[in-house]
Amino acid sequence: MRQAVTATLSVWGERRFGYSTLKDSSESLLDERKLRPGLKEDSVIEEKERAENEQEHLEAVLGLPSSPVEDTESTEPSDSTLESCQDRMESGGMEASLVSGSKNADSAGRKGSLGALPVQRCSSLGTTAPQWVPDSQAPACMKCGSKFSFTKRRHHCRACGKVFCVVCCDLRFKLTHLGGKEGRVCVTCHSTLINRECRGTLRKDQKKVWFADNLLPQSESRSANSSPIHRSVSHTQSTELAQAEVTDIRAGDEVRGLNGNSTKPTPPKDLPPILTSTGVKGDYTLEEKRTESSLLEELERGLAEPLVFVLNANLLAVVKIVSYVNRRCWCVMSKGMHAVGQPEVVILLQCLPEEKRFPTDIFNHFIQIYWDAQTAGKLLNHLSHSLVSRGFLGNNEHAGFLYVRPTFQSLEGLPLPVPPFLFGLLMLRAEAPWAKAFPLRLMLRLGAEYRFYPCPLFSVRFREPLFGPVNNSIMRLLVDFRFYRYTLPTVPGLVVDLEARSTCIRIPKTRHPELLKALNKSNERVLALGACFNEQADSHLICVQTADGQYQTQAISIHSQPRRVTGSCFFVFSGALKPSSGYLAKSSIVEDGLMVQVTMETMGELRRSLRDMKDFTVTCGKLHPAERQEYVHIQWQDEEPRFNKGIVSPIDGKSMESLTNIKTHQRLEYKANGKLIRWTEVFYLLKDQHPNGPTNHTSHNRLSERLARAFCLALCQSLCLLKEDGMTKLALRVILDGQKVEFLAGGNGQRLPAPYQDCLNQSLMSVVQSNSQYQGLAACQLELIFYILEDTS
């Protein structure tokens, strides 16, 4: 059992060093000319204002909130109000919009050859990707006729595909073919989409069955007349679980995502349905309309089982109030992220005094993380971050989460998901630039603030920011904090050990390609690399910004342990030292990193040794030393720090620790009988079998994909039976060694029954035998991971 590790702060003896040798690489921006709108553009602006006024009028009639960000109190309109509004729109407003749309189409057809282009149908507008008009065929705006120039740029409408100027195409709307995200649309399409949305909102039958992510279950998507609500169902019938009604879903409510854009509406006040066990294995009931007060009473009594909220058919949120390091915290963890290749997420949020509300903003953020991983392949990893909109968890300064893997922290008493998982640390908007450019500095600074090494696992709301504006930090020379066009490159597994008069930079040999990439992009006079957190060190350098904006160097260490090895966050080699200075090299501590000044001759030797993967030593001190010299060693290691901790094979529980794996983002999945099977990742079981080798990369990828397709097709008709047996996570182990070919499939810690295995052997063997190119592959062992999910399409 790991014990809680507290941290001790100490001031690090900082040697002064001048920054005059590093050049500022900021670039000046070109001033753009202001647009001078003509008469046609004035008419477009008037049309935009009329469209906005029409939208505000419809929102006022419907009682919808005018801003999607603000969470206002509003009631549903009565049936008579809806009917009268619908009559007015059908008789007047809708006809006017259709007439204006036809006029715009006619006017577009009169603009030379552009009129021959296909026009996006109104029924498919915004739901399917349009055919884009090439830039070469659009010398002028297709709305006002203004000619394009260097200052008057072209803008494609994401709804109809035509080309407009910025005045005619300056609105945004959530489009289905963009995954529900906002896209730039022209004035005409915006008016049409607004009218269509309002017309859909005025449906009389408003009460349907929804999940927390606003997705209809499969049974209701087929028919409007749903069957009676089923209360007692098994865990394999998550689609039927959704037949419990969640009321008061409003079209104006939105979830703000990782980049601050709205994607899907979600209920802002009502809690999602709760999944409870009936006592029979695999049998669950769904409860809704439970009051927050009754649920909080259950949590306050310290129930052994946490509350499980159903966010969608494949995603759950597990909630419990725990006592962690003498703090009363909400423990909210996801369950179902693994199926989209995303590590599970755990949020420890310190409770507020007399708090009587669930932190439902975390539920919405879980839905957004799941959505981005499923549709766009955006995955969160160690030291990555996610952003939220203003007002998250009741404060406009909350910017999102920084995600970390637990190392030395205590996990006692926490309900944890199956590895891999990440802890989310709440960050503020003033800290967001550091999360984007240099997250290790922010993580260690949080540890220094709360006296936990290397960082706390809990989050505190309404705290003061740890960093202010980026003023005179050395990072301003290494990172573009304005546009993030370049940042400090980091090689996985690279760590820095600081000891008395000796510094060692350790680089894994398997990461030589990543180092070469950073080396080729660097300036020949300056080599700067970010380091990883050093788990073998007992202390670490940190950077603290004072009240006057200055940066100071301190050290954070494990409490009551002697400090022998100290980690560093980055290192910089500068070739600005002149041979006439009388020094071989100079080394100093700058903020939370190491600065080494060498001559250009030494810099050339250093670069050659890195390219040839050879060890190198820099001697720091005077040419004729009167005191002991210091040394900076660069060493190549055969092994890199351990990763994939706690991950085991679904077949037989074999450990996958330190085995290379690759996530698959092509969304290879097959659907049958309301279920789908998805391939998420592949593990390489031989440690000397690297997937990025120059000869085996393409062949291994092609072989893995074809084996995954054959596996999915062979089991497609048996997905329901497999899920009833609890095998929602499956694995296929492939062993190719010369003439020996072996396949092994299983899940839930046991092999698949013989009928499944025989069917798989026939399908998979045909894949290998049909391609002679696989016979010449070196010995390889792969393990492919699959998940069986509910089909919500």
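**Exercise 1.** Which residue lies over the face of Tyr583, and at what distance from the ring centre?

*Solution.* Keep in mind that this is a predicted model. Start at the ring of Tyr583 and look over its face: Lys586 lies there, at 4.6 Å from the ring centre.

**Exercise 2.** Classify the ring pair of Tyr450 and Phe458.

*Solution.* A pair of aromatic rings is described by the distance of the centres and the angle of the planes.
- Step 1: rings pair if their centres lie within 6.5 Å. The count by this rule is 17 aromatic pairs.
- Step 2: for Tyr450 and Phe458 the centres are 5.6 Å apart and the planes stand at 75°, so this pair is edge-to-face.
- Step 3: Tyr450 and Phe458 are both buried.

**Exercise 3.** Now try Phe571 and Phe573: what kind of pair do they form, and is Phe571 buried or exposed?

*Solution.*
- Step 1: with centres 5.6 Å apart and planes at 75°, the rings of Phe571 and Phe573 are edge-to-face.
- Step 2: buried means under 20% relative accessible area. Phe571 has 4% relative accessibility, so Phe571 counts as buried.
- Step 3: Phe573, at 1%, is buried too.

**Exercise 4.** How many residues does the largest nonpolar core have, and which helix gives the largest share?

*Solution.*
- Step 1: the largest nonpolar core has 63 residues, and Leu348, Phe423, Met443 and Met475 have the most contacts inside it.
- Step 2: helix 9 (residues 439–450) supplies the largest share of this core, 7 residues.
- Step 3: another core lies apart from it, with 50 residues, including Leu299 and Val332.

Definitions and conventions
Residues numbered from 1 in each chain as written. Predicted model: local features only at pLDDT ≥ 70, side-chain atom pairs only at ≥ 80, totals over all residues. Heavy atoms only, no water. Phe/Tyr/Trp six-rings, centres within 6.5 Å; stacked < 30°, edge-to-face > 60°. Buried < 20%, exposed > 50% of the residue type's maximum accessible area, 1.4 Å probe, protein only. Lys NZ or Arg CZ within 6 Å of the ring centre and 35° of its normal. Core = buried A, V, L, I, M, F, W, Y, C linked by side-chain atoms within 4.5 Å. Helix = DSSP H or I, 4+ residues; strand = E, 2+ residues; numbered from the N terminus.
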